[in-house]
Amino acid sequence: SARSLTSIAWAVGRLSGGAGKGGGGSAATLSPLLDAIAARARALLASGALDAYGVANVAWAIASLHAAAAGASSETVEAPHPALLDELATFAAATPDAFNAQEATNLLWAFATLGRRHGPLFEALSASAARRMGDFTPQGLSQTLWACAKCGVRKNELLLAAASAAAPQLSRYDAQSVATLAWSFASLDTEHGPLLRAVCAEAVSRPADFDAASASQLLWALSRLRDGVSPLAVRAMAARLREVATSGLQAQQLLYALGALAKMPADSAEGREGGGGGGGGGGNEAPALAAMLCGAAADAAPTLTANKLGIAAWALARPAVLLQVPSSVAARWEAALRARAVQVREHLHWRTVGHIELGLRTLAGREGWPPSREGEPLTRCLTAAAARGVAVASERSTRLNGAPAALLLRLSPWAAAAGR
């Protein structure tokens, strides 16, 4: 039945959360079961037997399993069952008010996690959510905004409703929900002074509540917004990040922290007070944070994907950042960057090549730094990857530029005449 299927889908989603962590089942072992669930879900959906609760749970299970598989792989993992996902989205877009707040959050989270930007789905559910913000829990509200921001869906009605609902109640929000809320506004490049002032007040009043995930995410957000951002909050999160990072940072947490560091102004170490001011000031935390994160990047490099390695190289190439890093730590980062770039050479995108080259050139610009060697393996890898990128871009450009001419030829009167 639909209810039994929904319960099984929920269980599969929960089990996938333990994949690769010593518990639950692995993505590979759960995948056949998910295939069977997907087939049955399509049949139930076609007969009208699958309700909003079932639709949300099936999508959530698919996304949870996909997240587990992606987390266990250094390669890109394609989202499974695209046809079913489209059918689930079509159903939800036509009946958005049939989903309660938690179901709407779960469904949007699923599609964002899968990287599927289904326009009608996000349009319908975001409009429905904006009308009933009072029904959402702090986590549900922040996760709904996260899903929209993750897919680049900017709905001003939803953002304004969420800010109005959250700002007066922010002291009741857990630290991760506060950070996720701020991240969503920053990711969508949306300023909201009253909300950010409330966020900063929470960061200053209870920094110990923030762990590595929430501190790094909030610091990233504060470094990209201006209106309502307090330098005290930036310094509080920078200090907190230094404390919690002693236990290590996961790759995404490291990238958030590096991205924030790269956006901090050069004079942030002075710790000047003031009104808004993007990235506010990092206080005296900035130099110590730069050294700590550079060392963390060197330690994490052997496990970073090509894309994440490039982002780290870009952040640490900022002159204002690198000047704060001791030469011994910078040397360790350079060695790790060179070694890992060779290992992931087959996955280097043209933008990643540029970031890595920028990082190496900036390191080479330090006083007394040895120059890059033209014939070394890394140079050959970057050159080959750049050549591949140029070839792909050229092929795509030729195809796109030739499309209008091909269309005109097909539609032209003489083409029709020639066919007679």
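**Reading helix packing in a predicted model**

Q: Is the crossing where H15 passes H17 left-handed or right-handed?

A: Look at which way the near helix is turned from the far one: anticlockwise by less than a right angle is left-handed, clockwise is right-handed. Here H15 passes H17 in a left-handed crossing. This is a predicted model, where local features need pLDDT of at least 70, side-chain atom pairs count only at pLDDT 80 or more, and totals for chains, interfaces and linings use all residues. Residues are numbered from 1 along each chain as its sequence is written, and side-chain values use heavy atoms, with hydrogens and water left out.

Q: At what angle do H15 and H17 pack, and how far apart are their axes?

A: An axis is a line fitted to C-alpha atoms, for helices over the stretch in contact, and the angle between N-to-C directions runs from 0 to 180 degrees. Helix H15 (residues 306-316) packs on H17 at about 150°, and their axes are 11 Å apart. That makes the two roughly antiparallel (over 145 degrees; under 35 is roughly parallel, 65 to 115 roughly perpendicular, the rest oblique).

Q: Which residues of H15 and H17 meet?

A: Contact means heavy atoms within 4.5 Å. From H15 come Leu309, Ala312, Ala313 and Leu316, and they meet Trp333, Leu337, Arg340 and Ala341 of H17. Sorted by class, that contact has 7 nonpolar, no polar and 1 charged residue. The classes are simple: Ala, Val, Leu, Ile, Met, Phe, Trp, Tyr, Cys and Pro are nonpolar, Asp, Glu, Lys and Arg are charged, and the others, Gly among them, are polar.

Q: How do the axes of H17 and H18 cross?

A: Read this pair with the angle and approach together. Helix H17 (residues 327-343) and helix H18 (residues 350-364) have axes that come within 11 Å and cross at roughly 150°. H17 and H18 are therefore roughly antiparallel to each other, and H17 passes H18 in a left-handed crossing. H17 brings Ala330, Trp333, Glu334, Leu337, Arg338 and Ala341 to the contact, while H18 brings Ile356, Leu360 and Leu363. The class count for this contact is 7 nonpolar, no polar and 2 charged residues.

Q: What about H5 and H6: at what angle do they pack?

A: Helix H5 (residues 101-113) and helix H6 (residues 119-131) pack at about 150°, with axes 11 Å apart. So H5 and H6 also read as roughly antiparallel, and their crossing is left-handed. Ala104, Leu107, Leu108, Phe111 and Ala112 of H5 meet Leu121, Phe122 and Leu125 of H6. By class, that contact has 8 nonpolar, no polar and no charged residues.

Q: Zooming out, how many helices and strands does the protein have?

A: Helices (H or I, at least four residues) and strands (E, at least two) are DSSP runs, numbered from the N terminus. On that basis the protein has 20 helices and 0 strands. Of the contacts between residues at least 6 apart in sequence, 80% join residues at least 24 apart.

Q: How much of the protein is buried?

A: Buried means under 20% relative accessible area, exposed over 50%, and partly exposed in between (1.4 Å probe, protein chains only). Buried residues make up 49% of the 420 residues.

Q: Take H10: how far does it reach, and what does it pack against?

A: Compare the reach with the expected span, which is 1.5 Å times one less than the number of residues. Helix H10 (residues 193-205) has 13 residues and reaches 18 Å from its first C-alpha to its last, close to the 18 Å expected. Its buried residues are Gly193, Leu195, Leu196, Ala198, Val199, Cys200, Glu202 and Ala203. They pack against helices H8 (156-166), H9 (175-187), H11 (212-222) and H12 (231-244).

Q: Where does Arg206 lie, and is Arg206 buried or exposed?

A: Arg206 sits in the loop between H10 and H11. Arg206 counts as buried because its relative accessibility is 14%. Leaving out residues up to four places away in sequence, Arg206 touches Leu170, Ser171, Tyr173, Asp174, Ala175 and Val178.

Q: Where is Gly259, and what does Gly259 touch?

A: Gly259 lies in helix H13 (residues 251-263), and at 6% relative accessibility Gly259 counts as buried. Beyond residues up to four places away in sequence, Gly259 touches Trp220, Ser223, Arg224 and Ala315.

Q: What is phi of His81, and what is phi of Asp189?

A: Phi of His81 is near 55°, a positive value in a residue other than glycine. His81 is in the loop between helix H3 (52-71) and helix H4 (82-94), partly exposed at 22% relative accessibility. Asp189 has a positive phi of about 55° although it is not a glycine. Asp189 lies in the loop between H9 and H10, and at 54% relative accessibility Asp189 counts as exposed.
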